[in-house]
Amino acid sequence: MSDISLLMLGVLTAGQTSPPSNLPEQPVIQSDNGVQQLTEENLSPISPPAEITPPEFMQHESTSPAITPDVNHKYQNLLNKSHKNNSWQNSANQELPAETTPQLSPSVQLQISPESPAIPEFSDTSESDDQMSQVTSVSQLDDVQPTDWAFSALQSLVERYGCIAGKNENYLGNSAVNRYEFAYSLNVCLNHIQELINKNQANSVSQAELDQIQRLQTEFQTELQEVIQRIDVLENKNVELKSHQFSTTTRLFGQAIFSIQGTNTTNVDLFPRDGVPERQGKTSLTFTNSVQLTLATSFTGKDLLITGLSAGNLGSNASLVSHNMGRLSFESNTDNQVVINDLSYRFLLADNLGVVVGSAGVNAATTFRGINPLEGSGDGAISQFGQRNPILNIGNGTGGIGFDWEISDRISLQGVYSAEIPSFPGNSNAAGFFGGRYSAGAQLTLAPTDNLDIGIDYIYSHSPNDLLGTGIGDAQLISPFAPSTAFNTHAVGATVAWRVNDNLQLGGWGGFSTSKPVNLSGSVETTNWMVFAALPNLGRAGNLGGILVGQPPKISSSNLPDGFNFPNFSNGGTPGGRSDTSLHVELFYRAQLNDRLSLTPGLLVVFNPDHNAANDTLIVGALRAAFRF
């Protein structure tokens, strides 16, 4: 926050996770050349400054990146997020990195501003510069012979105080030096002696030596002034070169995840009219992988170009269990094909105002500062629902523009506009930057005390069909037997995190949305909530334990015309909300084996899946190994 002028990725620093994808699947838009799909990115990354935190990585096909794995004491601004922001994105929904400064962010930080060039060594070469041309040419200066009193005087000072070590050949021995070279050596020695005097380390300087030093300064006053003038000119030129130089610094961050996961066999009631299951949800144990690479490039030291690549083969288990409540945070269904999940540029308009623009990796989850300390696809909660408030995924945004305004040390405001398929030029009603599915929102981030963080969110979204886009829970707004229609949604929510002490953090979030159809009367309302406990350093420093309990998005009220309401779709589509409520319970423990490798076993249990008491309890187990490089 105080270092907003320096950019951080994090993308990686923390682990941002990918936001949940929607279920059912979003329709694919066809162009003349075939299917066009967009993927997006989570350090936050912005986070963090002249240092970039390794951005976390995002995933293909998910809506937004996650934020940081570690429990942080500060939010991650958008410059920090590049990624501590990155997460896997899933299908139409799909962030570093990056995040970790992340406020988020974890360990690795790197300076993105190029090192300042060293001040060039003193040289007597003539300069073409106007100022340099005013310095007397060395060839015009008389020589100082080894037999001169000044030569012997300086030699005795060097031998006594050890100044100008390594330069003795310039004035000792039998070689003569010109007065300018002699003055340079004298100046170095005088500065060294002055430094010793200032440190009270030269109390033994005799009056005779002081008289000798004064005589040398008087004798070579003109040449000493020329030395100082030449040094000033060189320093001014160095400052000018540094201010006009174009130097690009690029760093590569990566994350590789190997995982084993599986679910129990459950009976599923697809048509909740009679409470009798019609299908058996069955999955097999799988061993999968996902890889994320992020290139963080700075051109000025106060900007960041993020290019994120991802590939993986872990698909959602939603179709196999007939609902989306068992989805994992590190899903990446790309068939191991490399996709671009982030292509965004972050820069400063002022010391306290950062801007992000990009065709991929720009949405509410990657732009808003992260509050949840358990967010992170590689080192946070194992579930999609455990990453962030689901309302931040509404709209499935991929490309757009956002800002992060640090109003004060304790107050900041973030805003974003994001489109789901900004690159598609065909049908303005289905896609494009201002067509199809898009969203706009803002977050007010507050830190009223050093131990309390609050984020208050508002999201507006337009959907060309009946899909809300949260990716978890009730993401469909009308009956599957009714004709699809466009919806406009307003959503509000808040997330709170309280650092009780260094080893315990408590918090939670709540969200509410109301969606109105464009061509129908009535509205659909949804709610969700979550409470969590983060246990950093559990067992040993660097480890993290997490406990989460919550309700996935649920249609609490639907008063559309008969035949259109989703909760009672199998019984005529009459008005009404869900009669049952799902409960999500999650436990995980991240063991940090070393700086690069963590191992996370986790267990996810969903009671009354799909908000239907006739469905068997779903149990999902996973073992995740994450490598950072």
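1. Arg499 and Asp453 form a salt bridge through their side chains, 2.7 Å from N to O (a salt bridge is a side-chain nitrogen of Lys or Arg within 4 Å of a carboxyl oxygen of Asp or Glu). Arg499 is in strand E21 and Asp453 in strand E20 (residues 452-463), so the pair ties together parts 46 residues apart in sequence; strands (E, at least two residues) are DSSP runs, numbered from the N terminus. Arg499 and Asp453 are buried, meaning under 20% relative accessible area with a 1.4 Å probe, protein chains only.

2. This is a predicted model, in which local features need pLDDT of at least 70, side-chain atom pairs count only at pLDDT 80 or more, and totals for chains, interfaces and linings use all residues. Residues are numbered from 1 along each chain as its sequence is written, and side-chain values use heavy atoms, leaving out hydrogens and water.

3. The structure holds twelve salt bridges. One of them joins Asp474 and Arg578, with the closest N and O atoms 2.7 Å apart. Asp474 lies in the loop between E20 and E21, and Arg578 in the loop between strand E24 (544-558) and strand E25 (583-592), so parts 104 residues apart in sequence are tied together. Asp474 is buried at 2% relative accessibility, and Arg578 is buried at 13%.

4. His611 sits in the loop between strand E26 (597-607) and strand E27 (618-628). His611 is buried, at 3% relative accessible area. Leaving aside neighbours within four places in sequence, its contacts (heavy atoms within 4.5 Å) include Asp474 and Arg578.

5. Thr489 belongs to strand E21 (residues 487-501) and is buried at 3% relative accessibility.

Definitions and conventions. Helix = DSSP H or I, 4+ residues; strand = E, 2+ residues; numbered from the N terminus. Buried < 20%, exposed > 50% of the residue type's maximum accessible area, 1.4 Å probe, protein only.
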